[in-house]
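Me: Please walk me through this structure in questions and answers.
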2 protein chains.
Amino acid sequence: MDSGLLLSPFTIAYQTYGELNADRTNAVLICHALTGDQHVANIHPVTGKAGWWQTMVGPGRPIDTERYFVICSNVVGGCMGSTGPASTNPATGKPYGLDMPVVTIRDMVRAQALLIDHLGIDQLFCVAGGSMGGMQVLQWAASFPERVFAAMPIATSARHSSQNIAFHEVGRQAIMADPNWRGGRYLEEGVRPEKGLAVARMAAHITYMSDDSLHRKFGRKLQNRAAPTFSFEADFQIESYLRHQGSTFVERFDANSYLYVTRAMDYFDLAADYDGVLARAFKGASTRFCVASFTSDWLFPTVDSRAIVHALNAGGASVSFVEIATDKGHDAFLLDVPDLISTTGGFLDAAASARGLPQRKTPS
Amino acid sequence: MDSGLLLSPFTIAYQTYGELNADRTNAVLICHALTGDQHVANIHPVTGKAGWWQTMVGPGRPIDTERYFVICSNVVGGCMGSTGPASTNPATGKPYGLDMPVVTIRDMVRAQALLIDHLGIDQLFCVAGGSMGGMQVLQWAASFPERVFAAMPIATSARHSSQNIAFHEVGRQAIMADPNWRGGRYLEEGVRPEKGLAVARMAAHITYMSDDSLHRKFGRKLQNRAAPTFSFEADFQIESYLRHQGSTFVERFDANSYLYVTRAMDYFDLAADYDGVLARAFKGASTRFCVASFTSDWLFPTVDSRAIVHALNAGGASVSFVEIATDKGHDAFLLDVPDLISTTGGFLDAAASARGLPQRKTPS
């Protein structure tokens, strides 16, 4: 691992959809975001909800499971089956807790590369993902350029900003302030820092939406009442919504994993591994890139995507870039945004043609 | 109070600077922001730091204490001497806690008006303030137009946005999640929800700065180390800075007061008292207004100030408006921003002339 520590043995939990072709050239790796997991296009086993990227992945979707062999794995440090802080530390027989080595984006990608080896795939047709998933896409292209035919980093950045580190730190402090966190050893003590984790999720959730989308969706509307109660009840719909986001999140996510995945993003600064020059990360790359950002995303604003595009151009890579107009904020990459769907479909169709894969029967 | 409850008796703690003239026409009321207090231009008795608006208020400053009689009071619901949740409830002999009635911006202004009565002042020469202070300025102009000769609402809004309610709710939930909060009765139990309050402050503090100012001030710089530690220590300067902001804040601020003042801002929607038409709040007003916003303020963006200006114009009021270019974010109203200083000086000089007050000897 980047920390110099060894994590061994470790488990990678993953899902696949579709069939690998005889040439093993049609595999698409999806990289999930901070609190995502491998259940990209199937019913989630814990929440019972649809897959987190069902707008993008499935039969007839841009990442078409009838044409591509789609793989999505839970990141190392996560809590849906891959080794993470809730996993048993073989040295102690107890959950790792904070004895789990700190994980970086590059560590996540190293683990995914071992999975791709295991599946017998030399080169991925495409690696795609948004937010933290986009960071993994960039790391894949930099670390294993010959193994990535096409790459689609969405709503992401080549380095985590000061403001974003700040929001993550607030979330971590909220978790660590919860007395049920117990220095990270809560699982052994049969408790969970649910209140702290819920506060962390609430703070983060605000950053995933835009001011405009909050105004449009909630404004100052009251929740099931005609007048304010002059109390600290959830008078406003936005309060009720945030509390709900917090309380449902804690049912599916591990607090220590939240510490680890936020930390991985904080540490991400791809250029730092290339003498501070991002273009060197992509020098001579033959990968085809499609970079996408959203006008109302203030967590990963377009300026971050432009920096990636400039570096790719400087590195001589093939790159197309689209800034998509939407008021849905950072979360737009997860939502049914027609311009994102059509951009992805068009990019993959062209890449498939270049790769000699069969064309879509009814192109969009 | 707006809640229909009675708060009686109550105390208003205040500071004054300069001398009231014989005509009682040179009084300036300063309204403080969320966590401010009456110590606008003197050493703070708790922190030992300079007054919070020393750039603006003092001898030779735009709000010149050699020309004006400057008044600043701690808001009702606060924790620096005015009646708030930490005050003794006369009905029980114990601290109010959440038995304190919820306070609105209008309640704060009602209490200030009683103070102005007590000081024997019919009309204030100017009411000025930023952020929550600006809300009080707007409420003063709407509730007591004949008592406000000039008004300067800075970096504020006539109604609190959904996003801002959301950030406040995160802060409140962080406080209430702290087991030392004890349902608001922590003072009787000899504890304080310091961890929760610190998290609330950290989250809020991010919103007071701009992405650009964070990037310029901290970027991804490490704190007293050459390389990341691969841990959850405060590796980054921004983390260390935020933790410091949290820990110093809890030394000077009461957690329940934080609940009350954030709630007052949430409930603020001036137009709601005027059939939803903000212009009606200012109809026929003879008050002279100067509205100021900052380009990098994303908490109270310029669009909010423009809405105030449009309403003032529609109401037939005299209004000047300036959007000041700065990367310092919402906090700019507290900082030494030359354009704000000169705008305030110019506005007050012109207003003083119109009011028949003596002119500055060496105008800026």
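**Chain A and its partner**

Residues 24 or more positions apart make up 72% of the contacts in chain A that have a separation of 6 or more; two residues are in contact if their C-beta atoms, placed from the backbone, lie within 7 Å. This is a predicted model, in which local features need pLDDT of at least 70, side-chain atom pairs count only at pLDDT 80 or more, and totals for chains, interfaces and linings use all residues. Residues are numbered from 1 along each chain as its sequence is written, while chains are lettered from A and ligands numbered from 1 in the order in which they are written.

Me: What percentage of the residues of chain A count as buried?
Reply: A residue is buried if 20 or more other C-beta atoms lie within 10 Å of its own, exposed if 12 or fewer, and partly exposed in between, with C-beta atoms placed from the backbone. Among the 364 residues of chain A, the buried part is 55%.

Me: What radius of gyration does chain A have?
Reply: The radius is taken over C-alpha atoms, and the globule rule is 2.2 Å times the number of residues to the power 0.38. For 364 residues a compact globule would come near 21 Å, so chain A agrees with it at 20 Å.

Me: How many residues of domain 1 of chain A are in the contact with domain 2 of chain A?
Reply: Chain A is divided into domain 1 (14-159 + 269-355) and domain 2 (164-262), with bounds from an automatic or database domain assignment. Their centres, taken over C-alpha atoms, are separated by 26 Å. Domain 2 of chain A gives 20 residues to the contact, and domain 1 of chain A gives 27.

Me: Which element of chain B gives the most to the side that touches chain A?
Reply: The contact takes 42 residues from chain B and 42 residues from chain A. Elements giving two or more residues on the side of chain B include α3 (162-177) and α4 (194-208); helices (H or I, at least four residues) and strands (E, at least two) are DSSP runs, numbered from the N terminus. With eleven residues, the element that gives the most is α3(B).
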